[in-house]
Amino acid sequence: MARATAVVLLLAALCTTTASAAVVERTFNVGGMGISQLCMNSVIYTVNQQMPGPTIEVTEGDTLVVHVINRTPYPLSMHWHGIFQLHSGWADGANMITQCPIPPSDKFTYVFTITGQEGTLWWHAHASMLRATIHGALIIKPRSGRYPFPTPHGEIPILLGEWWNRNVDDVETDGLLTGLGPAISDAFTINGSPGDLAPCGGAGMFEAEVEPGKTYLLRIVNAAVNAELFFKIAGHAFTVVAADASYTNPYDTDVVVIAPGQTVDALMTASAAPGRYYMAAHAFESKTVSNPPPFDAAMATAVLRYRGVPENGAPAAMPALPPYTDVVTTGRFYWSMTGLVRPGDPVVPKTVDHSMVVGFGLEQAACAPEQSKCQQFAVVASMNRRSFLFPDEVSLLEALFRGVPDVYSEDFPGSPPAAPAARKATSVRKVNFGDVVEVVLQNEAYSAALGAENHPIHLHGFNFFVLAQGLGRFDPKMKSTYNLVNPQVCGSCTVTWTRTCRWGWQWSSRCSTDRRRICSLLLLGAIPSATERDRFADDSLLDMSMKPKTEMSVRNSTCDVMPA
Ligand SMILES: [Cu+2]
């Protein structure tokens with residue numbers, strides 16, 4: 001009896017320190033904003049006239065309600081990158097995958113609960129390249145109020161971005177017409193500003209103030225569209241503690257390598273002599289060809305200033321960023337990470353229901369008739385020789401739940417076929433709710449001229465365990481080296497060459513480098529069995545799609561407006 005009482009008291013104590021779940025409601029007005037950047041006046045599209053857009057901060061377990069009002073000329077959706085979307089697949093915000101895009105002058109309300117995730121994620125527009133300027137951080141605090149590391153004195157969000165001097169939708173359209181993908185960007189940005197070293201300085205610069213001796217949590221997001229980036233701060237080192245809102249074992253480094261879509265949480269102690277220190281980011285270029293195409297060699301800068309040091313004080317020290325092609329530093333960073341396993345955390349599934357090998361890469365294809373600026377060939381990305389074709393009348397999720405025929409085919413190959421070239425298809429792999437899928441991701445060089453390059457692979461709505469990775473071709477003997485104990489958990493992992501991943505069930509996996517969007521997407525449809533569909537029948541999953549909501553625009557099963 002005494003023991004039972006003690007347990008009850010302990011539970012009561014825990015309850016008093018744990019805030020109850022809240023509903024966090026925000027309104028996103030997506031529209032034009034004038035900006036002066038790189039000595040040019042342009043109109044870009046942003047949320048609430050901010051770039052980066054507003055940071056959303058929630059506590060694990062909260063429900064987030066975001067009203068998105070589209071005042072741009074483009075159909076778009078808003079994606080909550082890395083959120084599990086448990087029972088709320090309709091709110092994932094991937095246009096034509098989980099919803100029709102929100103037409104211009106229309107609105108849509110996203111509702112979802114954030115369960116079992118802590119750390120840094122982000123949100124972005126999901127249509128054309130609009131996410132270059134329509135994005136922001138999504139920070140999930142632990143409900144207990146405690147981190148698995150010493151509580152930092154403060155937090156510094158660092159959103160790394162990519163900037164074009166042209167309308168980014170035009171850049172994307174041009175990339176489709178030439179078949180070569182979008183033109184390279186004109187600058188990189190840190191929290192929206194290229195910094196004072198950009199051409200025609202004075203373009204603005206982010207500055208963070210720190211107190212000597214205090215430790216800060218940097219929440220770093222790569223919101224660039226295409227570029228993998230190195231990030232450093234002069235005179236300071238980091239301890240990585242999380243990536244993609246999954247805790248890692250502490251990893252000490254003085255450089256962060258981060259691919260589009262990824263996030264890294266890193267502790268940094270202000271232990272240098274009081275002064276002003278540059279933060280800097282530039283591209284990591286992974287292409288293996290001897291004559292690589294041009295890339296954006298710009299460097300973005302920001303400043304870390306110690307409290308009491310004048311803003312225009314002594315010159316800030318500059319960090320030595322790794323060379324653009326430094327594969328050694330990149331490999332060390334990506335391959336050193338292991339997952340922090342705490343009691344109650346998901347463990348690596350020991351049995352596998354589906355084993356797949358997915359070969360992916362870029363190849364040359366004939367110019368399509370509509371590619372009016374295409375000269376010799378078009379670049380196509382594929383997974384198992386399937387190049388994803390977006391449906392144009394109904395989203396995949398709606399087709400699944402309404403049983404709309406002929407929207408997709410359930411024939412995505414489980415291993416690379418002998419086909420000599422990629423073919424366009426809306427091809428999915430059917431798995432059941434609760435199935436465990438193991439995938440060997442094999443980076444391929446299909447074309448000598450295009451070679452191979454790193455590709456970040458992102459699972460919408462799901463994380464995966466990274467069991468092994470290496471250079472060259474996957475060897476089944478590697479299975480004996482799988483890390484089944486504390487593998488890194490990723491939502492957006494970079495595949496340098498091969499990686500083996502294992503996860504529960506999921507909607508889709510795609511390259512999150514938008515340049516390849518022309519291109520490739522493997523869709524693994526999580527198709528619930530009849531019983532599971534019954535289980536879902538009364539919850540918000542169906543509710544969001546099928547039933548009119550007064551504040552939500554509701555369309556019939558045909559998407560009226562396609563993204564450009
Ligand atoms: Cu995502």
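**Stop 1: two strands side by side**

Select residues 215–222, strand β12, together with residues 263–269, strand β17: these two run antiparallel and are joined by seven bridges. Keep in mind as you look around that this is a predicted model. Which residue in β17 is the bridge partner of Thr215? Click on Thr269 to find that partner. If the word "pair" is new to you, strands of a sheet pair through backbone hydrogen bonds, either parallel or antiparallel.

**Stop 2: the sheet around them**

Now widen the selection to the open sheet that holds β12 and β17, which has six strands in the order β10-β9-β12-β17-β14-β15. The pairing in this sheet is mixed. Which strands are at the edges? Colour 187–190 for β10 and 246–253 for β15, since each of these edge strands pairs on one side only. Turn the view as you go along the sheet, and you can follow a twist that averages 20° from one strand to the next.

**Stop 3: a second open sheet**

Next, select the open sheet of four strands, ordered β2-β1-β4-β6, again with mixed pairing. Show β2 (40–47) and β6 (107–113): each has a single partner strand, so one side of each is left without a neighbour in the sheet. In this sheet the twist averages 20° from one strand to the next.

Pick Val30 and look across to β2, where Val47 stands opposite.

**Stop 4: an enclosed strand**

Move on to β25, residues 437–443. Is this strand largely enclosed or open? Seven of its seven residues are buried, so β25 is largely enclosed by the rest of the structure. Show the side chains here. In a regular strand the side chains alternate between the two faces of the sheet. On one side of β25 you will find Val437, Val439, Leu441 and Asn443, and on the other Glu438, Val440 and Gln442, with both faces covered.

Bring in residues 354–365, strand β20: seven bridges join it to β25, and the two run parallel. Select Ser355 and you will see Glu438 of β25 opposite.

**Stop 5: one face of a helix**

Finish at helix α3, residues 327–336, and highlight the buried residues Thr330, Phe333 and Tyr334. Look down the axis of α3: its buried residues fall within an arc of 90°, so they line one face of the helix. As a rule, an α-helix has 3.6 residues a turn, so residues three or four places apart point the same way.

Methods. Residues numbered from 1 in each chain as written. Predicted model: local features only at pLDDT ≥ 70, side-chain atom pairs only at ≥ 80, totals over all residues. Pairing = 2+ DSSP bridges. Axes fitted to C-alpha atoms, helices over the stretch in contact; angles between N-to-C directions. Buried ≥ 20, exposed ≤ 12 C-beta atoms within 10 Å, placed from the backbone. Arc of directions from axis to C-beta.
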